[in-house]
Amino acid sequence: AHTDLVHAVLQVEQMLTTGGGWQDQVGGIVPGIKRCSSAAKLPLVVETKVLPISAETLSLLNRHILLVYTGTPRLARGLLQDVVRRWHSAQPRIVHNVGALVRTAAEMEDALLRGDVAAVGALLDTYWAQKKVMCDAEPAAVRRMLQRLRPHVHGATLAGAGGGGFMLVVSREPDAADDIARALGDEDGVSVHAAAIDQAGLVFV
């Protein structure tokens, strides 16, 4: 079952000491756009809700989302250790930010169900700002790229823990891969890739 596989991957990651949570495997295994949560209890149980987004909205989103490889690989482990340290510090700013992340997820669900591309982009920006409170996730090169992309995107965030890797952007104009590539034309190692929301999930053959 999907749930068993999600939890099995989480266990393997902990055994390998690479860190990580359950969001990556939920994203890859379960189709569509999801909102996930886990109650504050052990054993951890991941609850996954597939959002009932219309085919028209999915098609619209697919014309506005792109992946940008930042030219900088990253390993999540160090960033995730930083997140855990800051959470254990119980500083009011950190505790408040975690609550804000939950609220942003709820607002993102509403924006997606409305098919509001601009709001989806703006909430990605909000999420990225909140993520940076939890760890030092934004290298100087990424900060520069985001500044250059600002006229062309509603919002953006680094995928995963941050620190490098791929950036998800929501473009202001549909089918804007060429515009995004031109904006980042002289950045070393950067590449722009088409993206689409997977509707099949993990398929066993």
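In what order do the four strands of the open sheet lie? I read the order as β4-β5-β3-β6, with antiparallel pairing, where strands are DSSP runs of E of at least two residues and helices runs of H or I of at least four, numbered from the N terminus, and where pairing requires at least two DSSP bridges between two strands. I noted β4 (153-158) and β6 (191-194) as the edge strands, each pairing on one side only.

I kept in mind that this is a predicted model, in which local features need pLDDT of at least 70 and side-chain atom pairs count only at pLDDT 80 or more, while totals for chains, interfaces and linings use all residues. Residues are numbered from 1 along each chain as its sequence is written, and side-chain values use heavy atoms, leaving out hydrogens and water.

I then looked up β3 (residues 65-69) and β5 (residues 166-171), which run antiparallel and are joined by five bridges; Val68 has Met167 in β5 as its bridge partner.

Turning to salt bridges (a side-chain nitrogen of Lys or Arg within 4 Å of a carboxyl oxygen of Asp or Glu), I found 13 in the structure. Glu187 forms one with Arg144, the closest N and O atoms being 2.8 Å apart; Glu187 lies in the loop between α8 (177-183) and β6 and Arg144 in helix α7 (residues 140-149), so the pair ties together parts 43 residues apart in sequence. Glu187 is buried at 8% relative accessible area, whereas Arg144 is partly exposed at 39% (buried means under 20%, exposed over 50%, partly exposed in between, with a 1.4 Å probe and protein chains only).
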